[in-house]
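Okay, thanks for making time, everyone.

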Amino acid sequence: MEDDCLGTDDEFYTSDQEDDYSIEGLEESIDGLENDESDTQWIPPKGTTTKVITQESLLAAQKEDLRRVMDLLFLREHHARTLLIHHRWDVEKLFAVLVEKGRAFLFAEAGVTLVEHQDNEPLLPSSTIMCAICMEDVPSDEATKMDCGHCFCNSCWTEHFVVKINDGQSKRIRCMAHKCNAICDEAVVRNLVSKSHPNLAEKFDRFLLESYIEDNKRVKWCPSTPHCGNAIRVEDDLFCEIECSCGLQFCFRCSLQAHSPCSCLMWELWAKKCRDESETVNWITVHTKPCPKCHKPVEKNGGCNLVSCICGQAFCWLCGGATGRDHTWSSIAGHSCGRYKEDKEKNAERAKRDLYRYMHYHSRYKAHTDSIKLESKLKETIQEKVSLSESRESKNRDFSWVTNGLSRLFRSRRVLSYSYPFAFYMFGEELFKDQMTKEEREIKQNLFEDQQQQLEENVEKLSKYLEEPFEHYDEDKVLDVRMQVINLSVVTDKLCQKMYECIENDLLGSVQLGIHHNIAPYKSKGIEKASELSACWVNKVNTSDKDLPFHCGTNGGSTEPEHPSGSGSSYESGCSSRKRPRKEGPGGGFFDLNLPAEVVDRN
Amino acid sequence: MVDFARVQKELQECSRDIERSGIKVVPKSDGNLAHLVGTIPGPIGTPYEGGTFQIDIALPDAYPFEPPKMQFTTKVWHPNISSQSGAICLDILKDQWSPALTLKTALLSVQALLSAPQPDDPQDAVVAQQYLRDYQTFVGTARYWTESFAKTSSLGIDEKVKRLVEMGFPESRARSALETVGGDENLALENLCSG
């Protein structure tokens with residue numbers, strides 16, 4: 001939320017002037033382009049709202065939410081946590097309930113009981129109380145009274161906690177009294193359980209901490225396997241694609257690989273289809289019949305309806321039954337059937353058409369995915385070429401256009417390859433069958449395919465120019481290649497952006513069920529890399545808190561200052577046609593004490 | 001391990017109070033406090049009045065921190081109790097259990113359930129439907145089941161079986177016929193003759 005410290009994120013949302021090139025005005029925009037893209041390594045701009053939460057920073061990540069609730073309601077931490085867990089860490093929602101229904105309701109609903117204990121006469125250590133659970137008299141110093149006022153002996157409390165923790169209910173352990181809705185103080189739980197079951201106490205702590213990930217729609221585990229241990233927190237827009245600090249890129253919504261402009265549902269269907277080759281199976285079922293003897297699928301390659309399998313068995317093609325070999329054109333010996341032939345032919349045609357359609361899209365999707373793999377190798381050779389060129393005597397020593405062009409190629413190639421499964425579903429019958437008329441579909445398909453085709457052409461051209469042996473060219477020719485690459489980079493970027501706009505507005509935006517197909521927005525600079533959440537300010541801001549369940553050392557590892565340099569970056573320059581409102585970061589919040597003083601001063 | 005000290009105390013407490021509550025809890029077999037039998041009288045003013053209902057009680061290892069497992073062994077016609085197995089649908093025996101509850105309070109809740117059925121959250125859909133659509137028949141059936149299964153004074157099922165056997169029916173068939181019609185001798189006879 002506000003841990004982006006500098007409050008400058010309003011800058012990067014607004015600064016897309018740099019991207020307003022037109023091909024005609026290319027000359028003056030080249031410089032802009034190079035500045036713009038000089039960092040092929042995607043550096044998280046200081047305002048990146050997407051954060052990597054590591055084991056070390058998990059506590060820090062939730063501290064801020066906890067503190068907001070604690071400060072506003074004058075609560076102790078465990079009460080704030082209980083409230084937040086109840087409201088799935090949605091601070092805004094929690095505050096909304098507070099405003100609408102009042103403090104008492106908010107507390108009662110979540111199980112927070114704040115009883116002013118009038119009978120607070122300290123129990124004499126010598127006195128005994130009767131524990132209503134084990135029905136024994138116990139010395140009062142071996143009993144614990146919860147915030148709700150219910151008092152039971154420590155061993156009963158412990159046993160209760162153990163059962164609940166083992167039951168997976170760590171996050172909401174209620175008081176033992178009948179109909180008491182109060183949630184037990186986590187410090188008491190930790191304290192009592194750790195005496196006899198230290199492992200379980202650790203587990204309890206972990207469950208509580210991880211509630212921030214598990215019960216929070218803004219936070220998700222990174223889906224890497226083996227798991228990198230990180231979680232990702234996004235702000236505002238839950239439809240996005242993220243790169244974790246472990247390098248894995250994924251769709252935040254479905255946790256599968258990044259797949260835009262496919263929607264999550266489309267991608268899920270597509271992946272499944274590719275996995276089980278269901279079209280092939282479909283074709284086999286329609287075009288072949290299992291031999292009644294050896295059960296191999298047999299395809300009829302012509303002739304009459306008496307088919308013989310390679311195993312020697314003859315059978316009737318129409319009904320699949322075994323027959324004798326004597327037959328005439330009109331009848332087969334020992335057999336007579338022959339209805340519903342028309343029906344079957346229709347089925348066969350349909351299956352064939354569906355399969356061809358799938359194959360069409362799949363082969364293109366695959367071709368581009370394969371190209372991505374091949375072009376990854378290009379990266380190395382390009383590096384060599386660049387260093388070779390740089391070593392030559394030349395006026396022009398800046399070869400950032402090569403690497404920039406390469407990144408652009410990768411990004412566009414990605415978009416292109418995922419645009420095929422998108423088209424397969426957008427114009428197919430599976431998802432939007434009754435949502436468009438045939439004519440509408442045709443028009444839209446043409447519109448989309450024109451764009452796709454343009455993008456494809458330019459991507460291929462870009463690929464071609466990047467593969468040219470420019471290190472051996474003379475200066476003029478290098479300048480020419482440079483111009484082409486820069487030109488094509490701009491064009492493909494624009495085309496990608498336009499394609500996303502078309503998809504979001506003209507295609508998905510126009511069908512009724514399109515609402516279920518929100519897609520991650522186009523990012524001109526590639527998939528956003530989540531920046532590490534610094535774990536350290538917590539130690540400085542919150543040293544007063546004694547309840548830290550695990551220690552976040554000062555060497556938390558993730559404490560780089562968050563790139564304070566550079567003015568408004570235009571990383572969001574991409575398609576901003578999404579109609580879903582995007583909140584501009586409110587700025588304020590906490591100072592990052594790791595930042596150089598002059599940066600903090602700027603605020 | 002089950003907290004036997006507490007179970008022992010609960011049993012004592014319960015037997016002290018038996019005159020007033022009518023609720024009895026005894027070990028199923030001697031020396032095993034993890035398996036008990038509870039008895040509750042049918043609440044007055046309900047179709048269960050006059051019956052005595054037996055409930056099988058199994059205590060899980062973590063008792064009292066986990067709820068006891070209770071099941072009717074006496075057949076009961078009630079929307080929240082399975083007419084087949086005797087399973088009870090009651091929140092305090094599940095997620096609303098609290099260690100502060102006892103076997104006696106749990107049995108009292110079961111007794112309260114007998115007087116206040118909750119057909120919207122049924123255990124036995126057939127009974128619940130009858131309760132909602134045809135309350136009179138429901139009351140009749142429930143009373144009849146009470147008469148047939150929950151009363152020691154009423155003619156025992158064995159005697160009915162014996163009489164049917166004397167009429168010439170095989171014992172197993174007579175017994176199952178009686179069971180399917182809920183203990184009504186005439187209905188059972190009809191059933192046997194038609195089948």
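So, the interface: chain A and chain B bury about 1,200 Å² between them, with 63% of that on carbon and sulfur atoms. Quick reminder before I go on, this is a predicted model. In terms of contacts, 13 residues of chain A touch 17 residues of chain B.

What about charges across that interface? There's one salt bridge between chain A and chain B, and it pairs the side chains of A:Glu136 and B:Lys9, 3.2 Å from N to O. By class, chain A's side of the contact has eight nonpolar, two polar and three charged residues. We also get six residue pairs in polar contact between the two chains, counting pairs with both residues at pLDDT 80 or more.

Now let's zoom out to chain A. We have 603 residues here, and 49% of them count as buried. The secondary structure comes to 16 helices and 15 strands. If you take contacts between residues at least 6 apart in sequence, 65% of them join residues at least 24 apart. The accessible surface of chain A is about 29,900 Å², and 51% of it belongs to carbon and sulfur atoms.

On to salt bridges in general. Over all chains, the count is 29. One of them joins A:Arg218 and A:Asp65, at 3.8 Å from N to O. Those two are 153 residues apart: A:Arg218 sits in the loop between helix H8 and strand E6, and A:Asp65 is in helix H3. Are they buried or exposed? Both A:Arg218 and A:Asp65 are buried.

Then take A:Glu429 and A:Arg350, where the closest N and O atoms are 3.9 Å apart. A:Glu429 is in the loop between helix H12 and helix H13 and A:Arg350 is in helix H11, so this pair ties together parts that are 79 residues apart in sequence. Here A:Glu429 is partly exposed, at 37% relative accessibility, and A:Arg350 is partly exposed too, at 43%.

A:Glu528 has a relative accessible area of 3%, so it counts as buried, and A:Lys523 counts as buried at 13%. There's also a network, in which salt bridges with shared partners join A:Lys63, A:Glu77, A:Arg81, A:Glu186, A:Arg190 and A:Asp205.

Most peptide bonds are trans, and most residues other than glycine have a negative phi. Where do we see cis bonds? One joins A:Thr225 and A:Pro226, with omega about -10°, and A:Pro226 is in the loop between E6 and strand E7 of chain A. Another joins B:Tyr63 and B:Pro64, with omega about 5°; B:Pro64 is in the loop between strands E3 and E4 of chain B.

For positive phi, look at A:Phe74, where phi is near 50°. A:Phe74 is in the loop between H3 and helix H4, and at 72% relative accessibility it counts as exposed. A:Arg88 isn't a glycine either, and its phi is about 50°. You'll find A:Arg88 in the loop between H4 and helix H5, partly exposed at 46%.

That's my tour, so over to you for questions.

Terms used:
Residues numbered from 1 in each chain as written. Chains lettered and ligands numbered in written order. Predicted model: local features only at pLDDT ≥ 70, side-chain atom pairs only at ≥ 80, totals over all residues. Heavy atoms only, no water. Contact = heavy atoms within 4.5 Å. Buried area = accessible area lost by both parts, 1.4 Å probe. Salt bridge = Lys/Arg side-chain N within 4 Å of Asp/Glu carboxyl O. Polar contact = N/O pair within 3.5 Å; in protein donor to acceptor, adjacent residues only side chain to side chain. Nonpolar A, V, L, I, M, F, W, Y, C, P; charged D, E, K, R; others polar. Helix = DSSP H or I, 4+ residues; strand = E, 2+ residues; numbered from the N terminus. Buried < 20%, exposed > 50% of the residue type's maximum accessible area, 1.4 Å probe, protein only. Areas by Shrake-Rupley, 256 points an atom, 1.4 Å probe, with all protein chains shown as cover.
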